[in-house]
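Please read them with the coordinates open.

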Amino acid sequence: MQQLRRNRRLRTNDAIRSLVREHVITPNDFLVPLFVVEGKGIKEEIASMPGYYRYSLDLLVSEVKDLWSLGLKSVLLFVKVPDDLKDNKGTEALNPDGLMQRAIKTVKNTAPEMLVMTDVALDPYSSYGHDGIVEEGYVVNDDTCKVLAAMSLSHAQAGADFVAPSDMMDGRILAIRELLEKENSKNTGIMSYSAKYASAFYGPFRDALDSAPGFGDKKTYQMDFSNRDEAIKETIMDIDEGADIVMVKPGLCYLDLVRDVRDAVDVPVAVYQVSGEYAMLKAAAQKGWLDHDAVMLEQIMAFKRAGAHIIASYFAKDVVKLLS
Ligand SMILES: NCC(=O)CCC(=O)O
Ligand SMILES: [Mg+2]
């Protein structure tokens, strides 16, 4: 039989490949995680995340300006809390003049149109390094949700556009949504880490914030990585409780879930390419074993192809610079 269809005709040169390309990466795809510390004049590299830094508020200003000038319009804030301010209940998280609350204002004062999302969980504030209140070695659910709701309100009042609860307590989205509605923060959105797995890929992040669990692990609240259907259940429950955006985390090893969730829901889907994923590529590239930029773009495209609307990534700036 004579061959009538030849797929390679659509790959002949760059122009035709560009014309038929199904997905493109733009600055609008990205949510940029930012790590903030107390102090002045601090821009310190995170040992296990080469090329990624913690900023004191004064230097956060220039980083935010830089992001804005690159067309990166959304940030996700994390704070590194001094040890002497940590306790079991995350009391410091509610301080209206705490580091997170000041960081929100700093970003808004620097780039008023920048979308500010904030991490909501107790681990950076917890003397146990857990995402909730610990009682008899167990992270208790309902009392933790109350603190998470109060913390979310505090972020909203400081000017956050979205809160991003990353703790995986049951019912926290409802607790947060109800309090925000009641306290006149109806337009503050919630991006829920709805399918967050207990993952060893978070290692470098815990170095960045000095937030590793002081005992045990997070398997009683984060999901078991053997499970797939459960991601849909978790995600739909969060949407029913009021989540505006849902998330799958980590990223690359969980692309099946990104596609499952994308097909199952009608809200935007985010994916988080986590610290361990970043560290792996940086390390391999430093060794000369992988082409950093090429692999980076291939990975980011994989998230888009899998169906993510939003990509939280430590590579955001690198990608946008490379494409511009
Ligand atoms: N809530 C944030 C994390 O748990 C970790 C993120 C990372 O490893 O990049
Ligand atoms: Mg849940």
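In which hand does α3 pass α4? The crossing of α3 and α4 is right-handed. The model is a predicted one, and the points below should be read with that in mind.

1. **Helices α3 and α4.** Helix α3 covers residues 99–110. It packs against α4 at an angle of about 30°, and the two axes are 9 Å apart. Angles under 35 degrees count as roughly parallel, so α3 and α4 are roughly parallel to each other. From α3, the contact uses Met100, Gln101, Ile104 and Lys105. From α4, Ser154, His155 and Ala158 take part. By class, the contact of α3 with α4 has 3 nonpolar, 3 polar and 1 charged residues.

2. **Helices α4 and α5.** Helix α4 spans residues 142–158, and helix α5 spans residues 172–182. Their axes come within 8 Å and cross at roughly 45°. The pair α4 and α5 is therefore oblique. The crossing of α4 and α5 is right-handed. On the α4 side, the contact residues are Cys145, Lys146, Leu148, Ala149, Ser152, Leu153 and Ala156. They meet Arg172, Ala175, Ile176, Leu179 and Leu180 of α5. The contact of α4 with α5 divides into 9 nonpolar, 1 polar and 2 charged residues.

3. **Helices α8 and α10.** Helix α8 runs over residues 255–264 and helix α10 over residues 292–306. They pack at about 30°, with axes 8 Å apart. Therefore α8 and α10 are roughly parallel to each other. Leu255, Val258 and Arg259 of α8 meet Ala302, Phe303 and Ala306 of α10. The contact of α8 with α10 has 5 nonpolar, no polar and 1 charged residues.

4. **The annotated lysines.** Which residues carry the "active site" feature in UniProt? The unreviewed entry places it at Lys196 and Lys249. They are spread over 54 residues of sequence, yet they cluster in space, with a largest C-alpha distance of 4.8 Å. Lys196 lies in strand β9, residues 189–196. Lys249 lies in strand β10, residues 245–249.

5. Are they buried or exposed? Lys196 is buried, because 27 other C-beta atoms lie within 10 Å. Lys249 is buried as well, with 24 other C-beta atoms within 10 Å. The cut-off for buried is 20 or more. Leaving aside neighbours within four places in sequence, Lys196 is in contact with Ser166, Met168, Gln222, Met223 and Lys249. On the same terms, Lys249 is in contact with Tyr193, Lys196, Tyr197, Tyr272 and Val274.

6. The "binding site" feature of the unreviewed UniProt entry is placed at Glu234. Glu234 is found in helix α7, residues 229–241. It counts as buried, because it has 21 C-beta neighbours inside 10 Å. Beyond four places in sequence, Glu234 is in contact with Ser194, Ala195 and Met223. Met223 is also among the contacts of Lys196.

7. Most peptide bonds are trans. The bond joining Lys249 and Pro250 is cis, with omega about -5°. Pro250 lies in the loop between β10 and α8. Pro250 is also in contact with Ser199, as is Phe225, leaving aside neighbours of Ser199 within four places in sequence.

8. **Ser199.** Ser199 lies in the loop between β9 and α6, the latter covering 203–209. It is partly exposed, with 18 other C-beta atoms within 10 Å. Its C-alpha atom is separated by 8.4 Å from that of Gln222, 23 residues apart along the chain.

9. **Positive phi.** Most residues other than glycine have a negative phi. Met168 has a positive value, near 70°. Met168 sits in the loop between β8 (162–165) and α5. It is buried, with 25 other C-beta atoms within 10 Å. Asp210 has a positive phi too, of about 50°. Asp210 is found in the loop between α6 and α7. With 14 C-beta neighbours inside 10 Å, Asp210 counts as partly exposed.

Technical notes
Residues are numbered from 1 along each chain as its sequence is written. Chains are lettered from A and ligands numbered from 1 in the order in which they are written. This is a predicted model: local features need pLDDT of at least 70, side-chain atom pairs count only at pLDDT 80 or more; totals for chains, interfaces and linings use all residues. Axes are lines fitted to C-alpha atoms, for helices over the stretch in contact, and angles run from 0 to 180 degrees between N-to-C directions. Helices (H or I, at least four residues) and strands (E, at least two) are DSSP runs, numbered from the N terminus. Angles under 35 degrees count as roughly parallel, over 145 as roughly antiparallel, 65 to 115 as roughly perpendicular and the rest as oblique. A crossing is left-handed if the near helix is turned anticlockwise from the far one by less than a right angle, and right-handed if clockwise. Two residues are in contact if their C-beta atoms, placed from the backbone, lie within 7 Å. Ala, Val, Leu, Ile, Met, Phe, Trp, Tyr, Cys and Pro count as nonpolar, Asp, Glu, Lys and Arg as charged, and the others, Gly among them, as polar. UniProt positions are given in the numbering used here, feature names are shortened, and annotations may be inferred rather than shown by experiment. A residue is buried if 20 or more other C-beta atoms lie within 10 Å of its own, exposed if 12 or fewer, and partly exposed in between; C-beta atoms are placed from the backbone.
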